[in-house]
Every structure is written in C-alpha cells, then in structure tokens.
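Visitor: I would like to go through this model and ask what each label rests on.
Guide: Here it is, and the questions can follow.

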Amino acid sequence: MGDYEIPEELRYSREDEWTKSEDGRVTIGVTDYAQQQLGDVVFVELPEVGRSLEKGEPFGVIESVKTVADLYAPLSGEVLEINEALVEAPESVNDDCYGEGWMVVISIADPADQSELLDRAGYLQHIKDRADQDQ
Amino acid sequence: MSQLQRTPLHAAHVALGARMVAFAGFDMPVQYSSIKEEHAAVREGTGLFDVSHMGQIHFTGPGSVETVERLLTCKVASLEPGRVRYGLLCNEEGGIVDDVTVYRAADEQLMLCVNAANVEKDYRWCVRHSPEGAEVRNRSAETALLALQGATSAATLGALGATAVAELKRFRFVEAELVGSPALISRTGYTGSDGFEVYLPSGAAVALWEALCAAGARPCGLGARDTLRLEAALPLYGQELDDTTSPLEAGLDRFVKLDAGGFLGCEAIRARREAGHSRQLVGFQMVGRGIGRAGYPISRDGRAVGVVTSGAPSPTLGNSIGLGYVPPALAALGERLDIVIRGRAVEARVAETPFV
C-alpha cells in the first residue's frame, strides 16, 4: 500500500472525499489517496451554484488521462460555491488536493449527517480494507 | 478471475512502484509516476516500455515467403532481408484478424510480431493457412520485447555499445549483441517518435532493462503508450480494428496490395469497396470542453452517426483528440461532429492525422 497524506482535522467519506466543516459551511474535495489512484487529473465537472445535493448522489465528474470517476455528495446540502479555477487548472487536484484543489462548498441541511463520516484512522482502515478485498 | 500472465520484467515493474493492470491476460504497468510525464519523456527524451506481452510467430524453411505472402495484406516477397513492414492478417470476409509487423531475417526466415490479445488466435490462423509440413512456431513465451522510444533513443542505445543503430533507417533491423545476449534491434515503434524495438531471449530482459534505465531511459507504462499512439493516430486492435473491420474503412489502404491480390480476404475487401463503405475512421479534435472517450456516441444534428473508438487528452496539444467511425459523407477535414459526453452533445471537428 502506498503512502497517503490524510490530515487529522478533516472528515472523510467512503467514496474518497474529504470534508472540512466551518460554521455550517462544508468544503469538499478528493483525498490524496483518490488523486494518486486517478493519476494526472485533466478535467473536472462541477455542479451549478444553488443546486441541492442529496447525500450519496453523483454531483460531478473528475477525469484523469485514463479514467472517468464520479464525485458523490458526502453530505446533503446546497452548493454555495464551486472552484471555478479547476476548469483551467485541473492539475491542482494532483498538486494540492486539500488546498487549491478543493471542489465545492455546501451549506449542510442536517449537521447530524456528519456523524457518519470517517476520521483519519477510520478512513485509513477503509482504504486498507478495500485494498485487501481487491487482492 | 484466471491467473494473469507475467512478463520477465514483472518484478522490476512492481519494485519501481508501477500501478499494475490486467491487459490482454497479462499483469502490466499502466504508469510508474505520471502518464503526462512519461509521455513527455518519449517526445523529448527516451522512454522505455516493456512490451514482452506481444507475440512472435516464426516461419522458416522452403515456402515461408509464399505462405506469409498469402496471409498478409502487405507485400512480402519484395521485402529485403533486414527490413520490416506493417501489414494485416485478414479473414475471408475481409475483416482484420490482427495488425502485425513482418520481419524478414533471411530468404526463408520471417517473423510476425502480433498483438498480445491475439497471439493464440493468430497462431491458429497462421497454422491453418500454412501448407502441411510448414514450420510455424509461436515463440512468444521465450521472447522478451523492449521498446526504447523517443527523440534521444539512438544515443541511449548507443551508450550500451550498439552505436551502429544510429545509422539504422526506419523499418530496418540488425542482429547485435546487447548485455551479453543476442538481440534483434529494429528502428520501429508505436509512439510516433523515433525509436527502437529490441527482441531478446526472456532470460536477458532484466539485464537490458536495467542497463537502459541506467543509461537514462525512463520507464513508461501502457497509459503513455496509448496517448502516444493516439497522437500518432496509430490504430489499436480491439478499438479501431476488429474481425469485422475492413482495412479500407480504417484508412489502411496503403498497407493492402489490392492490385496484386493473392492474399486471404482480398476478394471480400474488393467487394466491400465496390459495394461502398458505410463508415470511415476519422480523427477528431474537441472544440467544446470535454474528453470524447472510447464508446461515446458521435452525433450530428441530434442524430447518432457513429462511435468513438479511442479518445484522450493530448499531452502534446493540450486539448482532447480521438478516433472514431462516421459515415464517409461526414469524414472531410473540418466537418462538424458532436461527441455525446454523459448525454450532452459537445462540439468536435474532423482533424488531420497524425495529430502531432
């Protein structure tokens, strides 16, 4: 298994997104594990501002040279902001997935949803379990 | 899942941290670090590919030339020893069994290099269409194949003592000694850049791989191989070509001796040409944002007209390119096509190939 940077202060979905919650606003991106698995990211498609997301629904697409992957909403909520810079610079997802590579900011409908997200240890275990299943 | 086969370099790929994928029944490296960087290494420097999964079928002895002449769409008798040609094996319906390169080592000694996915099929096909007693051997398992590709590949190979290869012309080959092993070196490749393909006994593959890496070649995976061949608009069997494709639909006319005839599939290919083809392979560049990938529909004025066979972002051009089949009436350069990406029609234009 590779080496992944998984920050302690973030919370994670089982679909390899990170979330960062501040005053009811949640920023979402993909994890270091996800960007390493994808390889060179060349295209990102994000939802429109104002769209309502249902937890678990696909809300965008991320494409590397070889693959197309859906982005799944880790929480329900309304899209407040999208990272327009990714249109011109999708490589930010590889270079700085927790910073300039952020995808969207949403306002969450139900703060209790967050309790289902994984912490760092839980997410690392999830990566490991999934890798073991693939063996 | 059945057990994947491994090339003699499998352990070397894993040690380098390559991401491995199943391809044509082999566990192969798709990338080591970055497809874009590996792609650039070939366009600007030297990249090294393990393509030992590919197959080699040898024909030796009296009658070999006539046998292969009948099997292949390209001319074989006129091929001088030391030269290589690209050609196709076709079935009686004029469809493509495989696309191959043929090497003539001596008067009655020929080798076909065939696609990994087709080795068994090709071998059976070759045996079936060879006269009784002909010597046809599948030597794929005992043969390793390394592709050294890129602008500076001649110098890289020269650093191993094979200085004569700098003078070698395209589509010619020499037999030489490399890392203490006999090797066949051809100036050929599948990237659109200068380069060499080196055939050698499986047991010598690791030594040659390590020596070439030490000489500055960068390991490259199948991911970069695919973007490189796509920029060069070289077809990939299973995507642009299959058992139903006529070579003429795929734009491979110049590799088909249609006038001379006398090869398997010739009559059917002529008949299909007379009847008129319903589709033609074209290159396209995306105008709108998006990547038109293999399997995506091609439409025009809202009507489905074809399908994408290969598509990817071009690391050299910076925008997305692809190949696909459309009706001949829509195949002219600059013609507007729409690629249907996740249900949305995105503008593309028929573009000149090769793309770079």
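Visitor: How do you know that S6(B) and strand S7 (residues 109-114) of chain B are joined, and in which sense do they run?
Guide: The model is predicted, so local features need pLDDT of at least 70 and side-chain atom pairs count only at pLDDT 80 or more, while totals for chains, interfaces and linings use all residues. Residues are numbered from 1 along each chain as its sequence is written, chains are lettered from A and ligands numbered from 1 in the order in which they are written, and side-chain values use heavy atoms, with hydrogens and water left out. Two strands pair if DSSP finds at least two bridges between them. Five bridges join S6(B) to S7(B), and the two run antiparallel. One bridge partner of B:Ala106 is B:Gln109 in S7(B), and two residues lie between the strands of this hairpin.

Visitor: What makes a stretch a strand or a helix?
Guide: Both are DSSP runs, numbered from the N terminus: helices are H or I with at least four residues, strands are E with at least two.

Visitor: Which strand pairs with S6(B) over eight bridges?
Guide: That is strand S5 (residues 83-90) of chain B, in the antiparallel sense. B:Arg83 stands opposite B:Arg104 in S6(B). S5(B) and S6(B) form a hairpin with five residues between them, and B:Gly94 in the turn has a positive phi of about 85°.

Visitor: Why is strand S6 (residues 96-106) of chain B called mostly covered?
Guide: Buried means under 20% relative accessible area, exposed over 50%, and partly exposed in between (1.4 Å probe, protein chains only). Nine of the 11 residues of S6(B) are buried.

Visitor: How many bridges are there between S18(B) and strand S19 (residues 344-351) of chain B?
Guide: They pair in the antiparallel sense over six bridges, with B:Val340 opposite B:Ala345 in S19(B). Their hairpin has two residues between the strands, and B:Arg342 in the turn has a positive phi of about 50°. Strand S15 (residues 297-300) of chain B is joined to strand S18 (residues 336-341) of chain B by two bridges, running antiparallel. There B:Ser299 stands opposite B:Asp338 in S18(B).

Visitor: What makes S4 and S7 of chain A edge strands?
Guide: The open sheet of three strands has the order S4-S6-S7 (chain A), with antiparallel pairing. Strand S4 (41-45) and strand S7 (68-72) of chain A each pair on one side only. Strand S6 (residues 58-64) of chain A pairs with S7(A) over five bridges, and A:Val61 stands opposite A:Asp70.

Visitor: Which residues of H4(A) are buried, and what covers them?
Guide: They are A:Tyr123, A:His126 and A:Ile127. Their arc, taken from the directions from the helix axis to the C-beta atoms, is only 100°, which puts them on the same side of H4(A). The cover includes strand S1 (11-12) and helix H1 (32-38) of chain A, where contact means heavy atoms within 4.5 Å.
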